[in-house]
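Please look at the sequence and the structure shown below. The report that follows begins with a single residue and then widens to the strands and helices around it.

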Amino acid sequence: MKKKSISQVKINESIIQVCLKNVEKNSLFVSEIFKIISRHNVNVDMISSIMLSDEMQIDFTADENCQSQLNEAIMEIQKNHPRIEMYSYKNIGKISISGDMAEETGVAYHIFKIFADCQISFRQVTTSETSMDFVVEKKYLKTIYEKIKEMM
């Protein structure tokens, strides 16, 4: 891996993670969920989904300052869609890694290896050609941050 593949690493310690389970595999249904969240002025950050056999799971993060609006949105979603199970997690943070990763092989391996070597699990990951974002317990953010900085 070239040294310049990763150019920036940032930590955000002010997030909430929400997990929605038993979500119907239907884009109209999913858009309705995020419409409700939007109506309550919750700015959603990371979104990831897992397709299961007959439903899906959606995880997303939001700023912890939106907690009361998020609670209202969750209550409305549960009222309209009682089948959905919802869980929210605090005491977590996000580590964001960015750079010119599109043409470089092994970047993901090196990042995942850091987590493995430190025996730290992540709760959520999203990636693109230029970034990787991980949700982890707050107590591990600085460790991961320092190890990734050593790679730069």
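## The surroundings of Lys21

Leaving aside its neighbours within four places in sequence, Lys21 is in contact with Met56, Gln57, Arg83, Ile84, Glu85 and Tyr87, where contact means heavy atoms within 4.5 Å. Lys21 lies in strand E1, and it counts as partly exposed because its relative accessibility is 32%; buried means under 20% relative accessible area, exposed over 50%, and partly exposed in between, with a 1.4 Å probe and protein chains only. The C-alpha atoms of Lys21 and Ile50 are separated by 9.6 Å, although these residues are 29 residues apart along the chain.

This is a predicted model, in which local features need pLDDT of at least 70 and side-chain atom pairs count only at pLDDT 80 or more, while totals for chains, interfaces and linings use all residues. Residues are numbered from 1 along each chain as its sequence is written, and side-chain values use heavy atoms, with hydrogens and water left out.

## The sheet

Six strands form an open sheet in the order E2-E3-E1-E4-E6-E5, and the pairing is antiparallel. Helices (H or I, at least four residues) and strands (E, at least two) are DSSP runs, numbered from the N terminus, and two strands pair if DSSP finds at least two bridges between them. The edge strands, each of which pairs on one side only, are E2 (44-51) and E5 (124-127). On average, and with direction ignored, neighbouring strands of this sheet are turned by 30° against each other; for such angles, axes are lines fitted to C-alpha atoms, for helices over the stretch in contact, and angles run from 0 to 180 degrees between N-to-C directions.

Strands E1 (residues 8-23) and E4 (residues 85-98) pair in the antiparallel sense over eleven bridges, and here Ile15 has Ile92 in E4 as its bridge partner. E4 also pairs with E6 (residues 131-137), again antiparallel, over seven bridges, with Phe134 in E6 as the bridge partner of Ile95. E2 and E3 (residues 56-63) run antiparallel and are joined by six bridges, and a hairpin of four residues leads from E2 to E3. Ile47 stands opposite Phe60 in E3, while Val44 has Ala62 in E3 as its bridge partner.

Which residues of helix H3 are buried? In H3 (residues 107-117) they are Val107, Ile111, Ile114 and Phe115. These residues cover an arc of only 95° around the axis, which puts them on the same side of H3; the arc is that of the directions from the helix axis to the C-beta atoms. An α-helix has 3.6 residues a turn, so residues three or four places apart point the same way. The buried residues of H3 pack against E4, E6 and helix H4 (141-151). Just after H3, Gln119 takes a positive phi of about 55°.

## Helices H1 and H2

Two packed helices are described by the angle between their axes and the distance between the axes. Helix H1 (residues 27-39) and helix H2 (residues 67-80) pack at an angle of about 145°, and their axes are 9 Å apart. In this pair, Ile33, Ile36, Ile37 and Arg39 in H1 meet Ala73, Glu76, Ile77 and Asn80 in H2. By class, the contact of H1 with H2 has five nonpolar, one polar and two charged residues, where Ala, Val, Leu, Ile, Met, Phe, Trp, Tyr, Cys and Pro count as nonpolar, Asp, Glu, Lys and Arg as charged, and the others, Gly among them, as polar.
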